[in-house]
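The sequence and the model come first, and the text follows them.

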Amino acid sequence: MSIAASLKHAARWGGLTLLLSLPLSGWMLNGYQVTTTWHRPLWLAGGVFVGTLLAMALARLLEMPPLRKLRWRMQTKITVTRRPALPAWEWGVLLTIAATLPLWLSTYWLNVMILALIYAVLGLGLNIVVGLAGLLDLGYVAFYAVGAYGYALGSQYLGLGFWTALPFCALLAATFGTVLGFPVLRMRGDYLAIVTLGFGEIIRLLLNNGTEITGGPNGLPAPAPTLFGLELTRVAGQGGTPWHTFFNVTYNPNLRAVVIYMVLLAFLALLFFCVGRLQRMPIGRAWEALREDEIACRSLGINHVTVKLSAFAMGAAIGGIGGVFFAAAQGFVNPTSFTFFESALILAVVVLGGLGSSGGVVVAALVINILHELLREFSDYRVLVFGMAMVVMMIWRPRGLLSMRRQFFAVGKNL
Amino acid sequence: MTPLLTVRDLSMHFGGVAALQGVTFTVARGAITAIIGPNGAGKTTVFNCLTGFYAAAAGVVRLQREEGEIDLMRAVHPTLQPRDYLNPRALARQAYGWMTGGTHKVVRAGVARTFQNVRLFRDMTVLENLLVAQHRLVERRLWAGILRTREYLAAEAAALDRAVAWLELFGMFEDANRLAGELPYGQQRRLEIIRALCTDPVLLCLDEPAAGLNPRETQALSRMILRLRDHHDLTILLIEHDMNLVMNISDHVVVLDHGEVIASGTPAAMQGHPAVLEAYLGVAEPVDGASGGGLREEVVPVSSLPPVPPKPRPPLIIDPSVADIEACPP
């Protein structure tokens with residue numbers, strides 16, 4: 001757009017703002033008389049005029065060669081490359097920044113970050129089931145609960161530690177996922193959603209009412225993780241040594257959160273890497289093909305049952321691990337943490353981030369959790385604002401924050 | 001020629017409706033066999049039974065391979081013999097077959113198929129569609145793929161090569177990275193055939209491959225099918241309504257009507273076969289035959305009609321100032 005056209009465009013918006021804001025903010029009721037305050041609508045209109053000009057200049061700037069690459073990356077359109085979303089060194093920088101966060105974040109915000117990362121893990125797990133395999137699962141929270149309770153119950157009755165609980169609960173949740181998978185093999189869409197919703201509620205009610213084993217609504221304590229056999233609490237349990245006694249340093253109450261954060265971050269990075277590979281592997285392609293057309297899949301020699309069950313099991317295992325981290329971070333589990341609202345929130349993370357897009361899911365998990373905390377100011381309207389933000393998001397970016405990238409191959413004639 | 005596929009007494013019914021009644025035919029190795037018949041004759045049902053999507057009520061489907069004979073019906077839908085009720089392996093196999101439906105075993109045996117309505121993975125690229133088809137040929141172990149072992153990479157590269165080779169052969173090389181859903185219809189049909197080929201079959205079943213194609217595309221398709229038969233050692237079984245295509249390329253024609261084989265033989269023999277004409281046109285014999293039933297239409301031979309005088313047409317005048325002659329296609 002030329003400069004004259006831009007000016008005209010900006011002037012049009014400024015004029016419109018002036019017209020609207022004149023009756024709205026130009027007259028002020030002062031006692032029984034109306035005073036005219038011209039400067040306020042004028043400021044507003046001027047602001048809009050300048051803002052429009054700036055926005056257009058920025059759009060113009062993004063068209064220029066050095067910045068076009070950036071704009072390319074911001075677009076949600078499918079791009080024809082095999083280039084990874086971010087080069088290796090950018091991943092390094094991102095991870096380093098994330099790893100240094102505990103140094104300057106307060107305990108409160110560190111806990112928010114832990115929760116955000118747990119949601120990112122859960123989102124990546126649900127993304128396999130919903131985004132890739134196209135199986136709408138509204139009861140995903142059940143696997144989260146299985147993981148969390150698996151850790152709490154395991155430590156209480158079997159003496160499981162955090163590190164043994166991770167693979168144990170992943171296996172346990174995967175078993176639950178397979179068990180759920182069997183009856184819903186022939187279902188799709190709405191029917192599947194309802195059955196999984198029921199499954200989620202069944203697990204929650206079992207936990208709530210099995211008072212003798214699970215403690216019912218009172219919940220169960222979950223121990224803090226240990227680091228190389230050293231406990232991170234102020235006073236160690238029987239036979240244990242606390243970290244600060246062993247190293248002869250003063251006790252830092254933050255240590256538990258910091259350790260969980262770092263382990264979680266490492267796990268998330270590993271998971272991100274693995275899910276990225278999985279998407280480009282035969283199993284990932286089969287998941288997506290199953291989402292697109294089950295009958296065609298069967299005609300191509302894909303055993304749709306094992307493929308479907310593997311998606312359920314894989315998603316559930318990741319959910320279970322998320323649950324272990326949750327229990328370890330909270331130090332306590334009870335059934336109110338595993339309501340349908342949690343399932344909906346995890347699904348929101350996946351849909352908002354972009355179905356099938358791992359990067360999008362992680363970003364969405366961070367955005368949703370941080371937004372949730374920032375909106376604490378508006379206590380009563382928090383969910384309302386949250387919902388509106390989602391609606392706007394979905395209109396603005398129907399395929400999610402960062403939509404999924406397809407794998408493109410550089411096929412030349414001399415391949 | 002030796003038969004590749006033998007179908008004997010295939011029967012199938014949906015509730016009380018008999019869809020197939022004792023269908024028997026053979027598909028010769030290295031030949032093109034066409035199944036024709038009016039709509040609702042049971043052609044697609046035959047395909048669905050062959051490829052394991054339906055469990056036929058009775059019948060035998062045998063595939064002759066170099067390794068030996070494969071009973072497709074038994075492989076896909078295993079039936080328990082009385083002595084199997086005490087055999088845990090047979091019971092487990094039965095349960096597994098009951099759950100999975102077993103269509104993938106047909107592909108493993110070497111039978112690939114396409115569908116009447118195109119069933120592509122629309123949100124995936126052309127190459128990804130072809131890679132999915134090679135699922136049973138690539139390295140599927142989880143750790144191999146995540147760690148990208150040498151075997152895994154070699155298998156993936158080989159799969160890509162195979163896919164690209166078929167694309168090249170069908171003239172779709174340039175579309176390798178496009179989404180399958182955004183291809184024009186003719187190319188989607190072609191891609192579906194390529195995808196079936198990527199499963200490395202010996203028998204290719206095409207369900208109405210020419211439906212919705214224009215005459216030129218149909219020509220290209222028939223050339224392609226002939227080429228697959230002659231140079232790629234494939235046996236082709238196809239369902240088709242386009243009689244030109246069937247008569248031009250097939251070696252053997254099986255005619256179905258109301259779930260029964262009413263005739264089979266060479267295309268030339270089928271053209272004048274009374275049963276075939278009756279099924280298609282409702283007459284027993286081609287011209288002025290003495291029809292038996294009272295409901296048959298009276299068919300008047302074209303030559304006996306009086307000639308229609310040509311209508312006088314207004315002369316076609318092109319005003320060069322109005323018409324854009326340059327823009328018209330030749």
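## Basis of the report

This is a predicted model, in which local features need pLDDT of at least 70 and side-chain atom pairs count only at pLDDT 80 or more, while totals for chains, interfaces and linings use all residues. Residues are numbered from 1 along each chain as its sequence is written, chains are lettered from A and ligands numbered from 1 in the order in which they are written, and side-chain values use heavy atoms, with hydrogens and water left out.

## Chain A

Chain A has 17 helices and seven strands; helices (H or I, at least four residues) and strands (E, at least two) are DSSP runs numbered from the N terminus. Its C-alpha atoms fill a box of roughly 75 × 65 × 45 Å along the principal axes. Of its 415 residues, 47% count as buried, where buried means under 20% relative accessible area, exposed over 50%, and partly exposed in between (1.4 Å probe, protein chains only). The chain exposes about 21,000 Å², and carbon and sulfur atoms supply 70% of that area; accessible areas come from the Shrake-Rupley method with a 1.4 Å probe, and for residues only the protein chains shown count as cover.

Among contacts in chain A (heavy atoms within 4.5 Å) between residues at least 6 apart in sequence, 73% join residues at least 24 apart. Chain A is divided into domain 1 (1-46) and domain 2 (101-396), with bounds from an automatic or database domain assignment. The C-alpha centres of these two domains of chain A lie 50 Å apart.

## Chain B

Chain B has twelve helices and ten strands. Of its 330 residues, 45% count as buried. Chain B exposes about 17,400 Å², with 55% supplied by carbon and sulfur atoms. Of the contacts in chain B with a separation of 6 or more, 66% are between residues 24 or more positions apart.

## The contact between the chains

The contact takes 39 residues from chain A and 46 residues from chain B. The area buried between chain A and chain B is about 3,900 Å², of which carbon and sulfur atoms give 64%; buried area is the accessible area (1.4 Å probe) that two parts lose on being put together, summed over both. In chain A, A:Arg285, A:Leu300 and A:Phe409 lose the most area to chain B, together 18% of what that side buries.

The count between chain A and chain B is two salt bridges, a salt bridge being a side-chain nitrogen of Lys or Arg within 4 Å of a carboxyl oxygen of Asp or Glu. One salt bridge is formed by the side chains of A:Arg285 and B:Glu156 (3.0 Å, N to O). A:Arg285 lies in helix H12 (residues 282-292) of chain A and B:Glu156 in helix H7 (residues 150-169) of chain B, so the pair joins two chains. A:Arg285 is buried at 2% relative accessibility, and B:Glu156 is buried at 13%.

A:Asp293 forms a salt bridge with B:Arg119, with the closest N and O atoms 2.9 Å apart. This pair joins two chains because A:Asp293 lies in the loop between H12 and helix H13 (294-299) of chain A, and B:Arg119 in the loop between strand S6 (111-113) and helix H5 (126-133) of chain B. A:Asp293 is buried, with a relative accessible area of 11%, whereas B:Arg119 counts as partly exposed at 21%.

## Other salt bridges

The structure holds 15 salt bridges over all chains. In chain A, A:Glu288, A:Arg291 and A:Glu292 are linked in a network of salt bridges.

In chain B, the side chains of B:Asp251 and B:Arg229 meet in a salt bridge (3.0 Å, N to O). B:Asp251 lies in the loop between helix H10 (243-249) and S9 of chain B and B:Arg229 in helix H9 of chain B, so the pair ties together parts that are 22 residues apart in sequence. B:Asp251 is partly exposed, with a relative accessible area of 32%.

## A nonpolar patch on chain A

A:Trp13, A:Leu16, A:Leu19, A:Leu20 and A:Leu24 make a nonpolar surface patch of about 590 Å². Patches are made of residues with over 30% relative accessible area and no salt bridge; like charges are joined within 9 Å, and nonpolar side chains (Val, Leu, Ile, Met, Phe, Trp, Tyr) within 5 Å. A:Leu24 lies in helix H1 (residues 3-26) of chain A and is exposed, with a relative accessible area of 71%.

## Positive phi in chain B

Most residues other than glycine have a negative phi. Phi of B:Glu208 is near 50°, a positive value. B:Glu208 is placed in the loop between strand S7 (203-207) and helix H9 (215-231) of chain B, and is buried at 8% relative accessible area.

Phi of B:His258 is also positive, near 50°. B:His258 is in the loop between strand S9 (252-257) and strand S10 (260-265) of chain B, and counts as exposed at 60% relative accessibility.
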